[in-house]
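Hi everyone, thanks for coming. Please have a look at the structure on the screen, and then I'll walk you through a few spots in it.

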Amino acid sequence: MNQDNRWVVPLFDLNYDEEEISAVASVLRGRWLTCGEQTAAFEKEFSTFIGAKHAVAVSSCTAGLHLLVQALGLGSGDEVIVPSMTFVATVNAVLYVGAKPVFVDIAGVKEPHLDPKSVEAAVTPRTRAIMVMHYGGHPAPMAEYKSVAERHGLALLEDAAHAPGARVKGEAIGSLSAGAAFSFYANKNLSTGEGGMITTNDAVIADLVRSSRSHGMTSTSWERHSGRTADYDVERLGYNYRMTEITAALGRVQLRKLPQANQARARLDSQYRERLGELPQIEIPYSADSSGSVHHLFPIVLSSGISRDRFRERLAQQGIQTSIHYRAVHQMSYHKRLRKAGKRVALPITEEYASREVTLPLFPSMTEAQLDAVVQAVRTAVLEA
Ligand SMILES: Cc1ncc(COP(=O)(O)O)c(C=O)c1O
């Protein structure tokens with residue numbers, strides 16, 4: 001149950017137990033609080049889990065995306081192709097380095113990831129990279145983006161915030177591009193409150209992001225404390241994007257639980273699909289194929305005659321929390337102000353999706369009774385809203 005017990009079925013609930021509590025207690029007893037042995041062990045375990053050569057722990061996925069964009073040397077005058085159907089951090093990472101995000105439409109309301117054909121059509125002589133996002137934990141078509149990237153000499157980056165453990169044709173998301181950033185934010189599949197991880201197979205990128213996450217310094221406080229070195233130099237302009245030992249200890253427990261938690265999500269997802277799939281008033285994204293997904297979200301798309309506000313209100317009245325993923329980034333006030341006066345961005349499918357999508361509760365410890373309550377409430381609400 002969530003903290004204030006307001007919801008009968010919250011959108012998300014943690015799967016924490018004594019394991020997380022004792023992991024944190026043992027960090028406190030160990031008296032070393034940041035970027036030390038727990039962080040190094042978490043990186044090693046995460047890189048093995050993903051099957052990527054390098055993993056670098058950071059303070060958030062947003063920090064990870066920023067470091068990746070910077071590691072590619074992107075900046076003013078460069079264009080990066082991005083989705084608008086995403087959380088704002090995907091796009092902001094490009095803005096942080098002074099490059100220009102170029103919004104591209106999604107493939108369809110049932111496939112709300114970047115459309116590879118539209119990606120290719122958006123390439124200009126200034127395009128340097130494509131940033132894809134694996135919406136809801138469903139792996140986006142990496143092979144198609146890869147072939148566009150190769151044809152035009154572009155780098156491919158992944159916002160894998162939703163997708164730890166997702167696989168395409170047996171290969172893990174996070175091992176198929178120049179670099180990927182995962183989120184361990186409070187409501188993600190692997191939750192530590194705040195936190196993130198960069199994965200890459202490229203040693204140069206790994207070294208750059210590792211250095212930049214801690215002020216561009218040549219050694220860490222832990223290395224000096226443990227006597228490996230006494231001094232440091234600063235080699236580049238970096239940031240404080242370090243992970244704490246408490247976060248890393250939580251992350252290690254959560255990583256061990258992740259395969260089972262993702263399986264529980266998959267079972268709930270397929271029950272939802274079975275029981276809501278026939279409703280003519282809704283469409284369910286990724287119904288043709290959701291294999292390889294880690295089911296971070298369960299989105300539905302209401303038909304145009306249904307009022308989304310009334311629908312969500314009906315569910316809220318029965319204690320069922322819902323959300324919207326996402327309001328389109330190109331329609332946010334700040335991002336609209338960045339455009340030249342009179343310049344329009346045409347993303348009809350993204351706008352359609354953004355206006356009709358509702359996210360239903362989905363989390364590993366969700367009970368049959370909770371799923372039942374959501375299904376019943378959706379069935380009635382589509383007739384009344
Ligand atoms: C798609 C996507 N990208 C990036 C982020 C940012 O993650 P973090 O909060 O770890 O910075 C999120 C988190 O909500 C997200 O959903």
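**A short tour of the model**

Let's begin with Lys169, which sits in the loop between strand E8 (167-168) and strand E9 (171-172). Keep in mind that this is a predicted model. Lys169 has a phi near 45°, a positive value in a residue other than glycine. Why mention that? Most residues other than glycine have a negative phi. Is Lys169 buried or exposed? With 10 C-beta neighbours inside 10 Å, Lys169 counts as exposed.

Now set Tyr286 beside it. Tyr286 also has a positive phi, about 60°, although it is not a glycine. You'll find Tyr286 in the loop between strand E12 (282-283) and E13. Tyr286 counts as buried, because it has 21 C-beta neighbours inside 10 Å.

One more backbone feature: a cis peptide bond joins His325 and Tyr326, with omega at about 5°. Most peptide bonds are trans. Tyr326 belongs to the loop between H10 and helix H11 (333-337).

That brings us to H10 itself, residues 308-317. Which residues of H10 are buried? They are Phe311, Arg312, Arg314 and Leu315. These four cover an arc of only 155° around the axis, so they lie on the same side of H10. Here is the background: an α-helix has 3.6 residues a turn, so residues three or four places apart point the same way. On the other side of H10, Asp309, Arg310 and Gln317 are exposed. The cover over the buried residues includes strand E13 (298-302), strand E14 (357-360) and helix H13 (368-384). Just after H10, Gly319 takes a positive phi of about 80°.

Next, strand E1, residues 54-58. Four of its five residues are buried, so E1 is largely enclosed by the rest of the structure. E1 pairs with strand E11 (residues 196-200) in the antiparallel sense, over five bridges. In E11, Met197 is the bridge partner of Ala57.

Over to strand E6 (residues 127-133), where we find Met133. Met133 counts as buried, because it has 27 C-beta neighbours inside 10 Å. Leaving out residues up to four places away in sequence, Met133 touches Pro83, Thr86, Thr90, His113 and Asp159. Met133 and Thr90 are 43 residues apart along the chain, yet their C-alpha atoms are separated by 7.8 Å.

Last stop, the ligand. How many residues surround it? There are 14, and the closest are Ser60, Cys61, Thr62, Ala161 and Ser183. Helix H3 (61-71) and helix H4 (88-96) are the elements that give two or more residues to this shell. By type, the shell divides into six nonpolar, seven polar and one charged.

Terms used:
Residues numbered from 1 in each chain as written. Predicted model: local features only at pLDDT ≥ 70, side-chain atom pairs only at ≥ 80, totals over all residues. Buried ≥ 20, exposed ≤ 12 C-beta atoms within 10 Å, placed from the backbone. Contact = placed C-beta atoms within 7 Å. Near = placed C-beta within 6 Å. Nonpolar A, V, L, I, M, F, W, Y, C, P; charged D, E, K, R; others polar. Arc of directions from axis to C-beta. Pairing = 2+ DSSP bridges.
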